Amino acid sequence: MCGFTGFGLLPKTTAEGFEVEHKAMLERMNGTLVHRGPDDEGYCLRAPFGLGFRRLSIIDVVGGHQPIEAPRGDLAVVGNGEVYNFQSLREELKGRGAEFQSGSDIETILHLYRERVPPGGGEPGDLLEIPRALVGMFAFAVADWRDPDCPRILLGRDRLGIKPLYWCETSDGIFFGSEVKSILAAGVTDREMRREALLDYLVQGYVGGQNSAWVGIQRLPAGSVL
């Protein structure tokens, strides 16, 4: 099943002290997802982003550790789910010069991002090209340090919304995860339930739409990016 979590913080600490200051918080967030990925865990902490991952090993059992970082250290990706067309995409990307480190389907997203999104962000259409090129069930986060003056993070989700992805914006920055509990574990938002969500659950048996059951925490819509 796998699961990931992370954040992008406003620059309130120096790059040198970023990992030390925020490691415990990221480990706490990631610890809520052990049931999704009992086989392995991984972290990437580099200002202003933190990425955490819990893995259920299926594809590339030996070499598919996440987060997957580019050799240049300017991009990193975490992803949950499966990209069904990754082998054909991989061959296309290799033909255009991409150098793969593993056999993981999620690494394909890293190379697609580098090819299609310029440093500094790109147009909305460029960003949407990433999930549109993928066939499968997935959610992902790509951290981008290529432009030191404008680091960015991209969240994306499959067209049907099979794999979950929640996010929350606070005065400290943005927090996200495969489950709401990972965001709550960061301690940056109140554990306040939306009253409408309780009614939705009692009537429908689930909470639908863009809002989660918690005030301030949203669900990334299917087939979209943030």
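This note comments on the fold, surface and selected local features of a predicted protein model.

1. Basis of the model. Because the structure is a prediction, local features require pLDDT of at least 70 and side-chain atom pairs count only at pLDDT 80 or more, while totals for chains, interfaces and linings use all residues. Numbering starts from 1 along each chain as its sequence is written, and side-chain values use heavy atoms, with hydrogens and water left out.

2. Overall dimensions. The protein chain has a radius of gyration of 17 Å, which agrees with the value near 17 Å for a compact globule of 226 residues. This radius is taken over C-alpha atoms, and the globule rule is 2.2 Å times the number of residues to the power 0.38. The C-alpha trace spans about 55 × 40 × 35 Å along its principal axes.

3. Secondary structure and contacts. The protein chain contains six helices and ten strands; both are DSSP runs numbered from the N terminus, helices being H or I of at least four residues and strands E of at least two. Of the contacts (heavy atoms within 4.5 Å) between residues at least 6 apart in sequence, 59% join residues at least 24 apart.

4. Burial and surface. In the protein chain, 49% of the 226 residues count as buried, where buried means under 20% relative accessible area, exposed over 50%, and partly exposed in between (1.4 Å probe, protein chains only). The chain exposes about 10700 Å², of which carbon and sulfur atoms supply 52%; the areas come from the Shrake-Rupley method with a 1.4 Å probe.

5. Open sheet. The strand order β4-β5-β6-β7 describes an open, antiparallel sheet of four strands. At its edges stand β4 and β7 (152–157), each with a single partner strand, so one side of each is left without a neighbour in the sheet. Strands pair if DSSP finds at least two bridges between them; β4 and β5 (residues 75–83) run antiparallel and are joined by two bridges. E69 stands opposite A76 in β5.

6. Cis peptide bonds. A47 and P48 are joined by a cis peptide bond with omega of about 5°, and P48 is placed in the loop between β2 (40–46) and β3 (49–55). The bond from Q66 to P67 is cis, with omega near 0°; P67 is in the loop between β3 and β4 (68–69).

7. The loop at G187. G187 is found between α5 (180–184) and α6 (195–204) and counts as exposed because its relative accessibility is 61%. The C-alpha atoms of G187 and R28 are separated by 9.7 Å, although the two residues are 159 apart along the chain.
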